[in-house]
Amino acid sequence: MSDGDTGEEIMGATYRALCAHGYADLTMQDIADESGKSKAALHYHYDSKHDLLCAFLEYLYDGFVERTSGVSGENAYERLVAFIDAVLDKPDDDSEQFGTAILEIRAQAPYEPRFRERLTEFDDYLAEELSAILEAGIEDGTFDPEMDSADTARFLVTVLTGAATERVTSGRSVECTRRMLTEYVETHLLTDRAREAET
């Protein structure tokens, strides 16, 4: 396992190599070439490409949490919409080639337990954050008290994950998803009182 500046350097090299080569053709030598380190140096930190990619998924998870956590808003409705926006927005440096590579890694998850475990972290994080916002909204009267927050959060995760997949596979914009999710929140989750306050 690697840490510090070396870890950041290797993760950056992994990102660039994935963008350039995709998952299927990626080799440790490709990552070494991007990092300026030898292949042997990479193997000092990671036993295999699989181990390195597992570490890379952890690195991505930490960055994703940093990018999407701590959204603000005056009430639960505003926090929910802001969180959805943060998830749908791509980082400025996120390339379509990289998105394709990550989709390829996700496709391996049924056969690679460690990939599946790390990708599940993303979905569980989303579900927990969404559920917490929904619960807070139920408690303060913003959201329908009859709503099952856990089921609703899982539904939203499915939609958000599907939108990200569509963006990569078909180049389709997420703006329709953003608009329709906002409409869903307004028409199905808000209480009448909260809806009147928002209009």
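**Entry 1: basis.** I number residues from 1 along each chain as its sequence is written, and side-chain values use heavy atoms, with hydrogens and water left out. The model is predicted, and I note that local features need pLDDT of at least 70, that side-chain atom pairs count only at pLDDT 80 or more, and that totals for chains, interfaces and linings use all residues.

**Entry 2: overall fold.** I looked up the secondary structure and found 10 helices and zero strands in the protein chain. Helices (H or I, at least four residues) and strands (E, at least two) are DSSP runs numbered from the N terminus. The C-alpha trace spans about 65 × 30 × 30 Å along its principal axes. I recorded 41% of the 199 residues as buried, that is, under 20% relative accessible area with a 1.4 Å probe, protein chains only.

**Entry 3: aromatic pairs.** I found eight aromatic pairs in the structure. Rings of Phe, Tyr and Trp (its six-membered ring) pair if their centres lie within 6.5 Å, and planes over 60 degrees apart count as edge-to-face. One of the pairs is tyrosine 23 with phenylalanine 115, edge-to-face at 6.3 Å centre to centre and 75 degrees between the planes. Tyrosine 23 lies in the loop between helix H1 (4-21) and helix H2 (28-35) and phenylalanine 115 in helix H7 (residues 113-139), so this pair ties together parts 92 residues apart in sequence. Both residues, tyrosine 23 and phenylalanine 115, are buried.

I then turned to phenylalanine 64 and tyrosine 125, an edge-to-face pair at 5.9 Å centre to centre and 80 degrees between the planes. Phenylalanine 64 belongs to helix H4 (residues 49-68) and tyrosine 125 to H7, so the pair ties together parts 61 residues apart in sequence. Phenylalanine 64 and tyrosine 125 are both buried. I also noted that ring pairs link Tyr61, Phe64, Phe83, Phe122 and Tyr125 into a cluster.

**Entry 4: a charge over a ring.** I found lysine 49 over the face of tyrosine 23, at 5.2 Å from the ring centre. The criterion is NZ of Lys or CZ of Arg within 6 Å of the ring centre and within 35 degrees of the ring normal.

**Entry 5: H4 and H5.** H4 and helix H5 (residues 76-88) pack at an angle of about 140 degrees, with axes 9 Å apart. Axes are lines fitted to C-alpha atoms over the stretch in contact, and angles run from 0 to 180 degrees between N-to-C directions. I recorded the contact (heavy atoms within 4.5 Å) as made by Phe64, Arg67 and Thr68 of H4 and Phe83, Ala86 and Val87 of H5.

Methods:
Rings of Phe, Tyr and Trp (its six-membered ring) pair if their centres lie within 6.5 Å; planes under 30 degrees apart count as stacked, over 60 as edge-to-face and the rest as tilted. Buried means under 20% relative accessible area, exposed over 50%, partly exposed in between (1.4 Å probe, protein chains only).
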